Amino acid sequence: MYFLLNLSSVLGLMTLIGLFFNGFIVIMNWIWWLQSKKLQTIDIIVTSLGLSRFFYLVTSIFNFYYYVFVPRKRQTNSLLDTSGIIVMFQAYCCTWFATLLCVFYCVKITSYNYRLFIYMKLNISRILPWLYIVIVTASIISLLPFVLFDTTIHIINSTTAFSNTSVEGKYIRKTFYGHLISNLAGSVLPLPIFCFAISLLIRSLWTHTRHMTSKDSGFRNPQLQAHFSAIRIMLSFFLLHIIYIIAQCVWPYIHRTENEIWISLLSIPTIMYPSLHTVILISSIIKLK
């Protein structure tokens, strides 16, 4: 119990850090919008990411403390199911918004002459609302396996009056696979997009560095500094995102055990990802820093 309380304290501290810095991003960009009535595209994306992470952290920590510290007999399945669906949807939105930020850095900083890159570089602010619709739609579609499996189970469970053991077995298997498929779709699908973006950015950095070296212009070039800053953000996102994906894939297995200590340990990467990455993001954006 003492170890569980320590883990809960660590989770609470990391959540407070994430809430503070994500809230800081949202508030500062809101103040700048009130002053100028206009925000740059990067500010809109970062604000959306900070806002989605803020609400994700609030819902996640509520879900965690409710599940771990409220006695089982006092827990209501409807509240757990609803909060779990909300947490998963917010987690997928956070992942897609972070991927959109990486794509934005790649499009704006690199200087490729591909037709798609030129179109996105010139029109990304105009197509941003459509990208938001795609993000929300992709998050909902990723959530469908978990919701549909869960709904089907409740129908079977309510209409079957015999063989409770076999129905309970179906319940466990279907919720497990539905949860696993949803986590894979919501967390793993954005990963190839990110890997493609960062590979193009590193290739552009390598080409630009060789060009600057051949001219003997030194390494204090603004575009070169922008490359390094973007790569630092994206590599930190990549590392935290890989840890987060592993935690999301393992989560259905751990959730079946109903072991509070393992659930607490697995909750650390899911809270660490939206908290630490935001700190790195703020330190890399001059206006916020």
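This is a predicted model: local features need pLDDT of at least 70, side-chain atom pairs count only at pLDDT 80 or more; totals for chains, interfaces and linings use all residues.

Colleague: Why are Cys-93 and Cys-102 called buried?

Modeller: Buried means under 20% relative accessible area. Cys-93 has 8%, so it is buried, and Cys-102 has 3%, so that one is buried too.

Colleague: What makes the Lys-287 and Asp-43 pair a salt bridge?

Modeller: In general, side chains of opposite charge can pair when their charged atoms come close. The test here is a nitrogen to oxygen distance within 4 Å. The closest N and O atoms of Lys-287 and Asp-43 are 2.8 Å apart, so the pair passes as a salt bridge. The search of the whole structure finds one salt bridge.

Colleague: Which parts of the chain does the pair of Lys-287 and Asp-43 tie together?

Modeller: Lys-287 is in the segment after H8 while Asp-43 is in helix H2, so the pair ties together parts 244 residues apart in sequence. Their surroundings get separate labels. Asp-43 has 8% relative accessibility and so counts as buried, while Lys-287, at 43%, counts as partly exposed.

Colleague: How do you know that Lys-287 lies over the face of Trp-32?

Modeller: The distance part of the test asks for the charge to be within 6 Å of the ring centre. Lys-287 is at 4.6 Å from the ring centre of Trp-32, and it lies over the face. There's also Arg-53, whose charged end sits over the ring of Tyr-273 at 5.4 Å from the centre.

Colleague: Why is the pair of Phe-97 and Tyr-132 called edge-to-face?

Modeller: A pair of aromatic rings is described by the distance of the centres and the angle of the planes. To pair, the centres have to lie within 6.5 Å, and planes over 60 degrees apart count as edge-to-face. The ring centres of Phe-97 and Tyr-132 are 5.2 Å apart and the planes are at 75°, so the pair is edge-to-face. Phe-97 sits in helix H3 and Tyr-132 in helix H4, 35 residues apart, so this pair links distant parts of the chain. Six aromatic pairs come out of the search of the whole structure. Phe-97 is also buried, since its relative accessibility is 10%.

Colleague: What makes Gln-90 count as buried?

Modeller: Its relative accessibility is 14%, and the cut-off is under 20%, so Gln-90 counts as buried. Gln-90 belongs to helix H3. Leaving out residues up to four places away in sequence, Gln-90 touches Phe-55, Tyr-56 and Thr-59.

Colleague: Which residues touch the most other members of the largest nonpolar core?

Modeller: Those are Val-46, Leu-101, Tyr-105, Met-234 and Leu-281, out of 63 residues in that core. Several helices supply at least two residues each, including H1, H2 and H8, and H3 gives the most, with 14 residues. Take Leu-281: beyond four places in sequence, the residues it touches are Val-46, Leu-49, Leu-101, Tyr-105 and Ile-233.

Colleague: And what is the overall pattern along the sequence?

Modeller: It reads α-α-α-α-α-α-α-α, with eight helices and zero strands. Of the 289 residues in the chain, 48% are buried. Among contacts with a separation of 6 or more, 79% come from residues 24 or more positions apart.

How values were computed: Residues are numbered from 1 along each chain as its sequence is written. Side-chain values use heavy atoms; hydrogens and water are left out. A nonpolar core is a set of buried Ala, Val, Leu, Ile, Met, Phe, Trp, Tyr and Cys residues joined through side-chain atoms within 4.5 Å. Buried means under 20% relative accessible area, exposed over 50%, partly exposed in between (1.4 Å probe, protein chains only). Helices (H or I, at least four residues) and strands (E, at least two) are DSSP runs, numbered from the N terminus. Contact means heavy atoms within 4.5 Å. Rings of Phe, Tyr and Trp (its six-membered ring) pair if their centres lie within 6.5 Å; planes under 30 degrees apart count as stacked, over 60 as edge-to-face and the rest as tilted. A charge sits over a ring if NZ of Lys or CZ of Arg is within 6 Å of the ring centre and within 35 degrees of the ring normal. A salt bridge is a side-chain nitrogen of Lys or Arg within 4 Å of a carboxyl oxygen of Asp or Glu.
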